[in-house]
Amino acid sequence: MKKWPTLAAVAAVLVTLVVLPFVLRNFALLTIARVAALGLLAASTALLTGTAGLPTLGQVAPYAVGAYTAGHLAHAGAVGLVQILVAAAAAAVFALLTGLAVVRTRGTVCLMVTLAVGELTAIAADQWKSVTGGTDGMARVPAVRAFWGGEPMLKGVPLYVYAVGTALVVLVATWLMLRTRAGALVRGCRDNEERMRASGHRVGLILLLTHVWAGAVAGVGGALLIAVQRYVSPADVGFEVSALTLLAVVIGGAASLWGAVAGAGAVVAVRDNLAPAGQAPLLLGLLFVAAVYVLPRGLAGINRRRDA
Amino acid sequence: MLELRGLSRVFGSLTAVDGVSLTVSSRHALIGPNGAGKSTLLHLAAGNVRPSAGRVLLDGRDVTRAGPGRRARLGLGRTFQTPALVDSADCGTNLRLGGRAPVSLDDVGLGGCERLPAGALPHGRRRLLEVAVALAGAPRVLLLDEPAAGLGDDDRALLLSVLRAVEVPVLLVEHDQAFVRAYADTVTVLHQGALLASGTPSTIAADADVAAVYQGAAC
Ligand SMILES: Nc1ncnc2c1ncn2[C@@H]1O[C@H](COP(=O)(O)OP(=O)(O)O)[C@@H](O)[C@H]1O
Ligand SMILES: [Mg+2]
């Protein structure tokens, strides 16, 4: 990647993010806040699928854990910061437990195991009424205060700042971590497990820790979802969301966190705005095919292509 | 020191390694025609393949039940016949992932390749990089599977000088007789999975059985 075009692109995105609350209406800002939640889900999927080489259909599971955890905390009167931290911790513990099975698998088997984890979680969200509210979902979630003494966030501007700001912090932290030796270890496990083992690295442990981190990222996404829509139901954490997320990752380029977030934005834009009533699945399907053929490395590949 | 005791490995109806006992304590070459079981023996020693019978001792410790990662942490370094590298990472990162021993890319003639992805290296250079990666792990015993295959004369000479500077026991699989004679002080010949002969390079070169095997295999 060339340095100056990248820096310019980063600056342009940041400026745009700062300007948007001044120019967009309430509804558009809420949509972007929702994209931030879904973007974290997509980024966690990209982290596992692209960077760690563990293709996953199951990140909706820690996302659900984060959402329901934050929902309960909101009912109990916890501020947003606490909701986010506890949701991340709960999702991390969940990912630790499921990861014990997931990191033993690769390729198609990994897809199937994670699909099962995701589906079982959606079923649990549906059946475990005392905790999740069942099919009706968890409703009447009180408006979230970001910090102690803050105002309850009801409108687009504060929710936009809260969701986009939190997502940026999580994404930058993850991106920075991937630039250290830890990132080299994770990519090493993806590229050549045999080499990593022959050099004495604990491949299973490295992948498990990555799975836990990805779970926490998805969990924060779930907490943002609760804050933004003040409601969560099994439909928010079901297979359709998994499929949309994977589509976002394919569009964005599997190995890129930022691409995945951009992909999530594209998917939501198509689904909510561009598609005529009832045509969203068709349009998203076409988008998928186009993404695979036109951008084999996703949106993140555009920059690299230009360099090549 | 690496001791292999009565190692066997059966794949279906094929006995790839057949009751091999071997002690690696110096510059040890392992030769034999294609399919003799050399790579499988290295896999058994490094823990990549489980033995059907036999034991592996590393510095006197029984590691037969340990996996490849644990054996590596106990000091077993290795390269693979098809070089195993982190292709997306640059050569410098590959070297650092190998370990902290003071080995440089310069040492294996890859001085300018610090920022080059390992996946972009031609095949021979990949072998040299993998040797450096294995050395960076500061191994107590080193296993090398055909490190000189496909190298030009200059790279071969470079590899030879790198290997001569290695102070720990090495088990080296190599086809080239000249390279073996120049490097090894002990040679073991494997044939159809079994140990055929073992001795100094000159006694092996004069061995009639060995000559017969190599002629039969047209190697
Ligand atoms: N994983 C495996 N499954 C079945 N057969 C194998 C396997 N690995 C090696 N073999 C067989 O074992 C024999 C020895 O192979 P190998 O150790 O690679 O020989 P060499 O390295 O001496 O050329 C060959 O006949 C090979 O086909
Ligand atoms: Mg071989």
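1. Shell make-up. In this predicted model, the shell around ligand 1 holds 5 nonpolar residues, 5 polar and 1 charged. The residues that surround ligand 1 include B:F11, B:L14, B:A16 and B:P33. The run from B:N34 through B:G35, B:A36 and B:G37 belongs to the shell too. B:K38, B:S39 and B:T40 complete the list.

2. Polar contacts. Three side chains deserve a look. B:T40 has a side-chain N or O atom 2.6 Å from an oxygen atom of ligand 1. For B:K38, a polar side-chain atom lies 2.8 Å from an oxygen atom of the ligand. For B:S39, the distance from a side-chain N or O atom to a ligand oxygen is 2.9 Å.

3. Cover. On its own, ligand 1 has 560 Å² of accessible area. The protein covers 59% of that area.

4. Elements around the ligand. Two elements of chain B each give two or more residues to the shell: β2 (14-24) and α1 (38-46). α1(B) gives the most, with 3 residues.

5. Helix length in chain A. Now to the other chain. Helix α1 of chain A covers residues 3-23, 21 residues in total. At 1.5 Å a residue, α1(A) should span 30 Å. Its end C-alpha atoms are 30 Å apart, so expectation and model agree.

6. Where does α1(A) kink? The kink lies at A:L17, shortly before the proline A:P21. Its angle is about 25 degrees. A:L17 is buried, and A:L20 and A:P21 of α1(A) are buried as well. An α-helix has 3.6 residues a turn, so residues three or four places apart point the same way.

Terms used:
Residues numbered from 1 in each chain as written. Chains lettered and ligands numbered in written order. Predicted model: local features only at pLDDT ≥ 70, side-chain atom pairs only at ≥ 80, totals over all residues. Heavy atoms only, no water. Near = heavy atom within 4 Å. Polar contact = N/O pair within 3.5 Å; in protein donor to acceptor, adjacent residues only side chain to side chain. Areas by Shrake-Rupley, 256 points an atom, 1.4 Å probe, with all protein chains shown as cover. Helix = DSSP H or I, 4+ residues; strand = E, 2+ residues; numbered from the N terminus. Nonpolar A, V, L, I, M, F, W, Y, C, P; charged D, E, K, R; others polar. Expected span 1.5 Å × (residues − 1). Bend = angle between axes of the 7 residues up to and from the residue. Buried < 20%, exposed > 50% of the residue type's maximum accessible area, 1.4 Å probe, protein only.
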